[in-house]
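Here are my notes on this one, as promised. I went through the ligand site and then a few individual residues.

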Amino acid sequence: MKKNTLFSEQLIQRLKEAHLVVALTGAGVSAESGVPTFRGADGLWKQFRAEELATPQAFVKNPQLVWEWYNYRRNLLKKIDPNPGHYALVELEKALASFHLITQNVDGLHTRAGSGKVVELHGNILRNKCFNCQKIYFEPEYNDSSTLPKCSCGGLLRPNVVWFGEMLDQEILDRAYRLSEECQLFFSIGTSSLVYPAAELPYIAKRNKAYIVEINLEKTEISGWVNERIAGKSGEILPQLVESLKCIRMN
Ligand code: OAD
């Protein structure tokens, strides 16, 4: 098998030796499936105003509008599938002794692809949560936005995603911090690294001497200091990484 020159010797060495490998993903990983990213030229936040759609205040003011926006995104997800990048991350989980995936994505595509240990920092768009009593509903409920879904307590249901101005689930965040502290190899994939606290994770990993690899089409906030930057589409690069890993195993 031919050696892949896209990845450095150091990265291959770390893949061989790391006891814990962590990958943090962002919207870029789902872009090749047809899910729009948030920033960049065609990003969702260029076309829509986050403060009207993705805040608790927006929901109180106009729950119908917020539901229209989330139904639009849910319906989009029904028509698309995970891409080779998602599947390559499943392969990495199978091939490595300890591999953990942390995602900022709410689209559930990692789980649909078959990843088992996904830490969903920003929730999951396919689940609902009561705005009043916080009860979680695991089955997605498709509604036409004119009849707003309600909880058994009478409160309005909302999508179970983290909105601007809201705190992340502390237990989930602690798990992400711990994994970032303890890993020896950390991948930052398809994220602009602008939104905190997720954006803090590569810094935590770096402080604890992990080798940091960024896979992204464009330069980001962290590109200047990562150990290795691989420019390109995650759906093309990650499958090659899996091939390289197979190559290591054969040699
Ligand atoms: P962004 O939209 O901010 O960034 C997407 C990144 O993906 C950019 O850096 C692109 O260059 C890169 N990219 C695009 N296509 C790619 C591809 N095929 N392969 C590799 N990289 C690619 O998305 P996030 O960083 O995920 O929050 O945004 C973070 C959070 O901001 C989201 O979780 C969301 C948003 O507001 C919540 O919903 C709470």
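A polar contact here is a pair of N or O atoms within 3.5 Å; within protein, one of the two must be able to donate a hydrogen and the other to accept it. Keep in mind that this is a predicted model.

1. **S33.** With that cut-off in hand, look at S33: its side chain reaches the backbone oxygen of D81 at 2.7 Å. S33 belongs to the loop that runs between α2 (28-31) and α3 (44-47). Is S33 buried or exposed? Its relative accessible area is 12%, so S33 counts as buried, given that the limit for buried is under 20%.

2. **Where the ligand is.** The ligand sits in the largest pocket. There are 23 residues around the ligand, and those that come nearest are F38, R39, T191, S192 and N216.

3. **Make-up of the shell.** How do the residues of the shell around the ligand divide? Eleven are polar, eight are nonpolar and four are charged.

4. For R39, an N or O atom of the side chain is 2.7 Å from an oxygen atom of the ligand. For T191, a polar side-chain atom also lies 2.7 Å from a ligand oxygen. L217 does it through the backbone: one of its polar backbone atoms is 3.5 Å from a nitrogen atom of the ligand. As for cover, the ligand taken alone exposes 790 Å², and the protein buries 92% of that.

5. **A210.** This residue is in the loop between α10 (201-207) and β8 (211-216). Why does A210 count as buried? Because its relative accessibility is 4%, and the cut-off is under 20%.

6. **L89.** Moving to a helix, L89 is found in α7, which covers residues 84-95. L89 has a relative accessible area of 1%, so it goes down as buried.

7. **Quick recap.** For the ligand, I'd begin with the side chains of R39 and T191, then turn to the backbone of L217. For the protein itself, the residues to look up are S33, with its reach to D81, A210 in its loop and L89 in α7.

Conventions: Residues numbered from 1 in each chain as written. Predicted model: local features only at pLDDT ≥ 70, side-chain atom pairs only at ≥ 80, totals over all residues. Heavy atoms only, no water. Near = heavy atom within 4 Å. Areas by Shrake-Rupley, 256 points an atom, 1.4 Å probe, with all protein chains shown as cover. 1 Å grid on protein atoms, 1.4 Å probe; cavity = no way out; pocket = protein on both sides within 12 Å on 5 of 7 lines; lining within 4 Å. Sits in = over half its atoms within 2 Å of the grid points. Nonpolar A, V, L, I, M, F, W, Y, C, P; charged D, E, K, R; others polar. Helix = DSSP H or I, 4+ residues; strand = E, 2+ residues; numbered from the N terminus. Buried < 20%, exposed > 50% of the residue type's maximum accessible area, 1.4 Å probe, protein only.
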